[in-house]
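Subject: Structure handover and findings

Hello,

Here is the structure for your files. My notes on it follow below.

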Amino acid sequence: MAKRFSERILGILQKPGYTPMKARKLARSLGIAEAEYGDFHDAVDALRRVGRVVLGTNNAIMLPYPPGQVVGTYRSNPRGFGFVVPDGPTAHGDLYIPRGNSLDAVTGDKVLCHILKRGVRGGKKLFGGRILRVIERGHSQFVGQLCREGKVWFVEPDGNMLHAPILIGDPKAKSARAGDQVVVEITQYPSEGSPAKGVIVERLGKRGRPGVDLLSVIRQYHLSDQFPKNVLKEARHAVRTFKPDAAAAQREDLSNHLIITIDPDDARDFDDAISLVPVESPSSATRKPRKKGQKRKDSKTGHAVWELGVHIADVSAFAAVGSALDEEAQKRGTSVYFPGHVLPMLPEVLSNGVCSLQEGEPRLCKSAFICYDAKGRVVSARFANTVIRSAKRLTYRQAQAILDGKKGRFSKAVVELIQRMDTLARAIRERRFKNGMIVLDLPAIDLILDDHGNVVDAEPEDTSFTHTIIEMFMVEANEAVARLLSSLKLPFLRRIHPDPDEDSLEAMARFVQAGGERLPNKVTPHDLQKLLKKLRGKSKGYAVNLAVLKSMQMAEYSPKAVGHFALASDNYAHFTSPIRRYPDLMVHRLLDLHLQGKIKSKAGRKGRQPTGVISLEELHECGRQMSYLSRRAESAENELKTLKVLTLLQQHVGDTFEGVITGVTNFGLFVQHPKYLIDGLLRLEDLGDDWWDVDVQQGRVTGERSCDTFALGNSVKVLITDVDLCARQLKLGLSEGTKVRRRPRKKPATSRNGQRRKRYRSSSAEKPRRRKTGKRPHRKGRKR
């Protein structure tokens with residue numbers, strides 16, 4: 001019966017202007033009755049199996065693209081070129097799009113791209129592309145400053161999504177004035193020789209006024225700063241109907257157990273709490289004697305000496321699947337933590353109220369009880385729905401003070417608990433290091449704001465060991481839940497961190513070796529550990545930590561059975577922060593099905609998944625969406641931090657500072673401010689009067705005539721020359737009298753295939769004589 005739908009499906013997909021849509025929407029557009037939807041879905045599956053249709057972004061149904069074409073997301077560069085990141089894995093990876101080959105695509109657009117061969121470099125084929133059409137716009141609204149030059153009004157867009165001004169036909173819309181931050185709806189996208197045009201849809205306020213920078217970033221990243229009325233109504237109803245005594249009757253009651261929370265000074269949403277009790281070892285009288293030749297059940301671990309309790313706020317008890325609360329949380333994906341402001345995933349009556357594990361208040365939890373031997377190895381684990389009552393709310397600094405011997409007025413029981421936590425966390429950490437866990441040593445700061453939200457200072461982030469204690473316990477709980485769900489053969493959303501690819505490891509190894517260190521041909525996590533430990537506290541340690549970080553892949557959400565490289569974990573998922581991360585809430589719901597006995601063994605399920613378990617196909621799409629929302633939140637947080645710091649540094653143009661080189665590119669060096677940890681750009685033409693040999697792979701720029709060398713991780717004294725708030729850019733110059741490292745003169749550097757590396761002309765230095773193996777260097781102003 002499904003065959004009768006096939007031609008109709010192909011017919012609509014072949015129509016000009018067809019927009020890819022999901023199966024349910026496609027069925028409605030074809031007028032398929034609900035009773036016939038099963039046959040329609042079978043027809044779609046049959047067409048997929050024979051390759052006549054494919055699933056695109058968001059599982060939308062579409063015709064397959066011809067060979068030599070790819071669909072992906074476009075990312076533009078201010079200098080006119082760009083890249084297309086394919087939707088799926090390809091043999092060629094990201095495609096370089098030369099200037100003039102991008103049509104009117106802008107960053108974030110979904111595009112169809114024709115693949116072009118660009119030659120061979122270093123024995124590897126290079127590919128580029130030409131955009132054939134824009135399938136779907138990523139953004140139609142942009143944020144920027146309204147400007148006027150003569151009679152021409154335009155908006156200078158913020159950030160790096162759109163690199164050209166947007167012409168405004170009616171500047172008086174929304175009563176906007178020159179210098180205002182505004183939101184613009186694009187009516188004509190920019191293309192070669194044709195500017196962007198748009199209309200003002202919202203005035204945010206005068207740039208520089210309190211709160212305008214925050215609102216600008218919120219609009220720029222399309223974040224939700226208000227909850228719909230029906231969501232707030234549901235949240236308030238959940239608070240009113242919360243009956244802890246009734247809930248305790250259905251749960252394991254831990255109200256009288258010693259349980260504490262440890263969080264930052266300014267935290268308001270406490271979603272995790274800890275208990276830790278010693279476990280009495282079984283006496284020899286109660287142990288069953290082993291028969292001759294019989295091995296202990298688990299010879300890798302000893303008997304349990306600790307029981308760690310990790311108690312996580314049970315958000316699933318308040319946000320039912322399919323409710324308005326659930327849909328809004330899924331749409332947001334995560335809370336966004338700006339300096340001085342939070343956009344919560346859940347309304348604050350929940351996130352800071354009945355879901356927050358506040359001191360002395362009865363709260364619903366999902367609890368993981370993990371038993372350890374004396375060496376921090378897992379002996380067993382169990383899970384339960386519980387009710388807890390936090391005995392004490394501590395900050396990281398208070399907990400660290402206890403470990404440092406400053407017990408203050410804390411009770412003896414709390415002090416002893418903190419000391420036990422320290423002992424177990426160190427044992428767990430040691431075990432994880434032996435398994436290959438990687439910990440990078442990179443600086444971080446906390447910004448200090450005044451009452452108007454302006455940056456007035458910065459201080460190094462607190463690195464007390466109490467942070468590591470909580471981190472270790474959270475990692476252990478996340479891993480324990482992932483092991484359970486994996487053993488049940490259930491599809492679930494994991495947090496995966498794939499191993500670095502060989503090319504990235506090779507590039508990192510070459511950089512490390514150029515700095516005088518050695519790595520084996522096949523690099524293992526233990527090799528990286530030894531290297532990082534050896535360089536801890538040394539001047540070049542920072543550069544090596546950066547190189548190791550850049551060699552790693554990004555962590556993401558996916559149902560793929562891939563472990564977490566940096567944590568040396570085979571099974572890992574996010575479970576410990578359901579107040580602020582939707583994937584954690586999804587894992588809580590699966591755990592709840594298990595605790596209610598609704599999940600049978602795989603053999604007992606007869607190939608059918610229990611009700612409430614999401615299909616693998618849906619999980620893949622959900623993983624992509626959650627990964628995107630997580631990255632978007634992180635980008636927005638970093639953007640506002642950068643904007644606030646740049647606003648402060650506007651007052652310090654002309655000041656000098658000693659910075660660290662954090663990046664080497666074909667157009668300049670990125671130098672990090674030591675206090676505010678913001679990168680500024682020092683262009684090649686500002687390095688001095690010389691020909692500059694740039695080796696991006698080894699992170700080094702060398703003057704051919706002077707032998708002056710600038711390398712990743714080196715210190716350099718620079719001058720703040722300008723601050724561009726719209727472009728989010730700090731511009732630097734080389735300070736007079738800067739001491740620069742010099743390398744011995746040697747033959748011109750070559751790459752593996754014998755070709756000279758690129759050289760760049762700066763200022764008016766004499767042109768060197770041509771060498772037989774070299775190409776003519778690029779001159780100042782030419783494409784770099």
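In these notes, contact means heavy atoms within 4.5 Å. This is a predicted model, in which local features need pLDDT of at least 70, side-chain atom pairs count only at pLDDT 80 or more, and totals for chains, interfaces and linings use all residues. Residues are numbered from 1 along each chain as its sequence is written, and side-chain values use heavy atoms, with hydrogens and water left out.

Some terms before the findings. Helices (H or I, at least four residues) and strands (E, at least two) are DSSP runs, numbered from the N terminus. Two strands count as paired if DSSP finds at least two bridges between them. Axes are lines fitted to C-alpha atoms, for helices over the stretch in contact, and angles run from 0 to 180 degrees between N-to-C directions. Buried means under 20% relative accessible area, exposed over 50%, and partly exposed in between (1.4 Å probe, protein chains only).

First barrel

Five strands close into a barrel in the order β8-β9-β10-β12-β11, with mixed pairing. From one strand to the next, the twist averages 50 degrees. Strands of a sheet pair through backbone hydrogen bonds, either parallel or antiparallel. Here β10 (residues 166-168) and β12 (residues 196-206) pair in the parallel sense over 3 bridges, while β11 and β12 run antiparallel and are joined by 8 bridges. K197 in β12 is the bridge partner of L167 and also of Q188. I168 stands opposite G198 in β12.

Helix α4 (residues 212-220) lies across β8 (141-149), β11 (180-188) and β12, and runs at about 145 degrees to β12. The loop between β10 and β11 holds K174. K174 is not a glycine, yet has a positive phi of about 60 degrees. Most residues other than glycine have a negative phi.

Another 5 strands close into a barrel in the order β26-β27-β28-β33-β32, and the pairing is mixed. The twist averages 55 degrees from one strand to the next. β28 (residues 679-683) and β33 (residues 729-734) pair in the parallel sense over 2 bridges, with G680 opposite L730 in β33. Helix α14 (residues 541-551) packs on the sheet and touches β26 (656-664) and β27 (668-672), its direction making about 35 degrees with that of β26. Helix α17 also packs on the sheet, touching β32 (715-724) and β33, and its direction makes about 90 degrees with that of β32.

D724 belongs to strand β32 and is partly exposed, with a relative accessible area of 25%. Leaving aside neighbours within four places in sequence, D724 is in contact with L646, Q729 and K731. D724 and D158 are 566 residues apart in sequence, but 10.0 Å apart in space, C-alpha to C-alpha.

C707 has a positive phi near 65 degrees and is not a glycine. C707 sits in the loop between β30 (700-703) and β31 (708-711), and is buried at a relative accessible area of 8%.

Nonpolar cores

A nonpolar core is a set of buried Ala, Val, Leu, Ile, Met, Phe, Trp, Tyr and Cys residues joined through side-chain atoms within 4.5 Å. The largest has 58 residues, of which F338 and V701 touch the most other members. Helix α17 (residues 616-649) gives the most to this core, with 8 residues. Not counting residues up to four places away in sequence, F338 touches L214, V217, I218, L223, L343, A636, E637 and L640. A second, separate core has 51 residues, among them F383, V414, F492 and I599.

Helix pair

Helix α10 (residues 412-435) and helix α11 (residues 465-487) pack at an angle of about 65 degrees, with their axes 9 Å apart. The residues that meet include M421, D422, L424 and A425 in α10 and F465, T468, I469 and I470 in α11. By class, this contact has 10 nonpolar, 1 polar and 7 charged residues (Ala, Val, Leu, Ile, Met, Phe, Trp, Tyr, Cys and Pro count as nonpolar, Asp, Glu, Lys and Arg as charged, and the others, Gly among them, as polar).

D422 in α10 counts as buried at 14% relative accessibility. D422 touches L403, F465 and I469, not counting residues up to four places away in sequence.

Regards
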